[in-house]
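Hi,

Here is the structure I promised to pass on to you. Have a look at it first, then read my notes below.

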Amino acid sequence: MTTRTEDGRFATTEGTLHVSKPFRSRSTKKLRAMITFEPRKTHFDTTNEASGTNEFRGFFTLFWMSLFLFTLQTYISSVEANGYALSFAFATMFSRHAVTLALSDLLLVSITILCVPYAKAISKGWISYYWTGAIIQHLFQTCVLLITVTWTFHRQWPWVQSGFLTLHSFVMIMKMYSYISVNGYLQSISKRSIDVLAELNGVTARVGGLEQALCDATSKRAQAQAASRSAETPLADGTSTPMETSTPDAEGVLMKSYTDVKTAATLRQRLAAVSSSSDENTKPERGAVNGSGRGSDEIEVACVLSYHPDELVAGLAKEFLDLDSELVSTGPEQVRWPDNVTYRNFVVYQLIPTLVYELEYPRTDKIRPMYIFEKTVAFMGSFALLYTVAECFIIPLTPTPDQSFFRSLLDLALPFMIAFLLLFYIIFECICNAFAELSYFADRLFYEDWWNSTSWEEFSRKWNKPVHTFLLRHVYASTRASYGVSRTTAMFLTFFLSAMAHELVMAIVTKKIRMYLFLMQLVQIPLILVSRAPVIQRNKLMGNVVFWLGLYAGFPLLCVAYVAY
């Protein structure tokens, strides 16, 4: 049970959760608001109240009990036939070069710290992100990927080690890209807000000066308040409800009222220095771009001028407020760019299981040791089951060219499906939740109910939320906003990039370039378009059956194709 507190937080039995609200800028029309963070829990989390009351919760218990009995039966049969439960040949293979792999991964993670001084250079205006900074960023990330791929081939690692380092390099590259691109975008917003502020100063000079503009805006505000009071509706008992003294604008941002003479005089005195140097605007511009922070003077004046009777003055003031609001987080900490560009902030971001950077995330108040213990035990148990399935039912049935193609598919379909479910649970339920707990991260919706998917589009949106949110913001939405392409074109480019990344992983793991996975992912695009037909969308059961048939056939099909052919 959660209750909202007065400061906008959520009090729960496990602590207080902080909510970061989404924001869509009216002036920039950015699609960053498509990604929001709020306190949520995964479906299979034992602390999720909704899952605890689900009528199918008993099937979750049945699944694990069945796997345990199946594994126990496998061990007993192996002991009777071979004299041992497991041969651990697979363990010997993937534990090879463990020290070298650990050091390589440590170096990969350590390199990402270079993002902080680079972001500092961007925030101080030494590097303009669009487009010099963006080009440098892409070149650096390309070098990281090429070095990682070359190193895995040079070491001649088995497929487990090669696949792990390659996938982790993709994770680090996506984290670095989001961190730098968000800070670079905020640099452009800061520059634009400075230009709007300079234009606002020039316009106020043409309407009688700043002091006169403040007086006119204050008078207009007082008239609006008087009109609101006169329109009050009396209640049944003869009382009336007073109107709020702060009225939301079109974006829902509360504008402050400065109707008293003392406050207005203070504002005029504060803005005297600002307006005296507004002819060149060099000092305010340099201060904002170099990260010295924006003072409250400009914001307070813009709040007042947003009620000016002149539409141009009011419009520029509101645009400045819109731009400035993008530089501040909407959470309780009110983090302002570039105060977020610190080593501590970056390290916390690296620990948080998300691939999308934000100035502030919803947080929890404490770390629960028993929760960490629960996820650790779940990880170890699930990994033991996964290892048993891989060693006993997948590796012995590795297909060869002389074997029957369809018999190989039939033999591997169920083991691969069980392995996929266990791997999904390990990554998104155990590992992600454990890191979220350690980093006080409250938004733990790492997946949705993908098992109810009726199309591959729905599956791609739900089964891996961290990667989906990254592609949605930094590929799909960015492509549409920057190049004005259609939804279908943006979706194709997103799938194309994802397919290339998956094919690269398969090429590194199998040491073959076959493009099977690449083609299978691109085939999903016309299937997605077909699945949008009303006749198909109405038949949810048929769509879910087709989805599961495709998933059952996909894993063994890829294994047979890459291994045997």
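This is a predicted model: local features need pLDDT of at least 70, side-chain atom pairs count only at pLDDT 80 or more; totals for chains, interfaces and linings use all residues.

The chain has 21 helices and three strands. Of its 565 residues, 45% are buried. If you take the contacts between residues at least 6 apart in sequence, 75% of them join residues at least 24 apart. The accessible surface comes to about 29,200 Å², and 65% of that belongs to carbon and sulfur atoms.

Now the inside. In soluble globular proteins, nonpolar side chains tend to be buried together. Here the largest nonpolar core has 79 residues, and Tyr-179, Ile-180, Leu-305 and Leu-551 are the ones that touch the most other members. Helix 7 (residues 159-206) gives the most to this core, with 17 residues. There is also a second, separate core of 15 residues, with Leu-386, Val-389, Leu-409 and Ile-426 among them.

Helix 13 (343-351), helix 14 (369-394) and helix 15 (405-438) each give two or more residues to the patch. The largest share, four residues, comes from helix 15.

Leu-351, in helix 13, has 41% relative accessibility, so it counts as partly exposed.

Cheers

Key
Residues are numbered from 1 along each chain as its sequence is written. Side-chain values use heavy atoms; hydrogens and water are left out. Buried means under 20% relative accessible area, exposed over 50%, partly exposed in between (1.4 Å probe, protein chains only). Contact means heavy atoms within 4.5 Å. Accessible areas come from the Shrake-Rupley method with a 1.4 Å probe; for residues, only the protein chains shown count as cover. A nonpolar core is a set of buried Ala, Val, Leu, Ile, Met, Phe, Trp, Tyr and Cys residues joined through side-chain atoms within 4.5 Å.
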